[in-house]
Amino acid sequence: MTPAPAEAPREGSGATAYLVEGPRVGLRHFTRADGAEFIARARESKALHQPWLFPPRTPAAYAAYAGRLTDDPTKAGFLVCEKDTGKDTEEDSGMAAGRIAGFININNIVGGAFLCGVLGYGAFAHAAGRGLMSEGLDLVVRHAFGTLGLHRLEINVQPDNAASIALARRRGFRLEGFSPDFLFIDGAWRDHERWALTADMVRA
């Protein structure tokens with residue numbers, strides 16, 4: 001069962017530009033205006049991401065990446081943004097509310113009898129280890145099973161990517177299988193574990 005956030009998420013709050021929000025983060029779609037911040041965060045986070053993840057780090061790469069997420073009906077991209085909680089912490093000191101903590105995308109969305117999507121995600125270095133992506137993933141799960149009407153979400157992750165596996169496990173995803181040579185990443189075909197969550201598991 002996926003744990004609930006400390007307070008119930010609000011869908012489509014009129015007070016913010018967020019699609020859905022929790023106590024500390026809100027979700028919104030990618031825009032062109034996010035390019036400069038996203039690229040800067042990705043460059044700062046290179047050591048954290050590689051060899052697992054390669055988000056865009058140039059304006060042209062970001063434009064193509066964001067364009068696919070906004071134009072392709074089989075994809076839905078979400079920026080996980082920090083909210084102004086009114087509480088100053090060491091991590092938040094001097095930082096503006098709304099900064100991008102990470103991103104969570106739903107790829108390969110299929111309707112019909114399947115109603116499934118495949119999640120991909122990444123935290124930026126300043127947000128790592130602070131629980132922001134855990135809250136963000138909860139919000140994406142609820143948005144996917146609610147507003148988007150999906151029944152199943154999958155996460156495919158390389159076996160040595162301990163941080164991503166830990167996040168999937170914490171959010172209630174179950175390990176369903178192992179796929180050798182599953183995705184071509186960083187110059188080679190990589191093995192992946194397959195984790196999944198269904199709407200029925202969340203309701204339970």
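I began with two helices, H1 (residues 35-44) and H3 (59-71). Their axes come within 10 Å and cross at roughly 110°; I take axes as lines fitted to C-alpha atoms, for helices over the stretch in contact, with angles from 0 to 180 degrees between N-to-C directions. That makes H1 roughly perpendicular to H3, a label for angles of 65 to 115 degrees. On H1 the contact (heavy atoms within 4.5 Å) uses Gly35, Phe38 and Ile39, and on H3 it uses Pro59, Tyr62 and Tyr65. I sorted these residues into five nonpolar, one polar and no charged. Here Ala, Val, Leu, Ile, Met, Phe, Trp, Tyr, Cys and Pro are nonpolar, Asp, Glu, Lys and Arg are charged, and the others, Gly among them, are polar.

A note on my sources: this is a predicted model, where local features need pLDDT of at least 70 and side-chain atom pairs count only at pLDDT 80 or more, while totals for chains, interfaces and linings use all residues. Residues are numbered from 1 along each chain as its sequence is written, and side-chain values use heavy atoms, with hydrogens and water left out. Helices (H or I, at least four residues) and strands (E, at least two) are DSSP runs, numbered from the N terminus.

Next I turned to the largest pocket. A pocket is an open set of points on a 1 Å grid over the protein atoms alone, where a 1.4 Å probe fits, with protein on both sides within 12 Å along at least five of seven lines; lining residues have an atom within 4 Å of a point. I found 44 lining residues, with Trp52, Leu53, Gly120, Tyr121 and Gly122 nearest the centre. Which strand gives the largest share of the lining? It is S6, with six residues. By type, the lining holds 25 nonpolar, 14 polar and five charged residues.

Last, I checked the backbone. Most residues other than glycine have a negative phi, and most peptide bonds are trans. The bond from glutamine 50 to proline 51 is cis, with omega near 15°, and proline 51 sits in the loop between H2 and H3. Asparagine 108 has a positive phi, near 50°, and lies in strand S5.

Definitions and conventions
Parallel < 35°, antiparallel > 145°, perpendicular 65-115°, else oblique.
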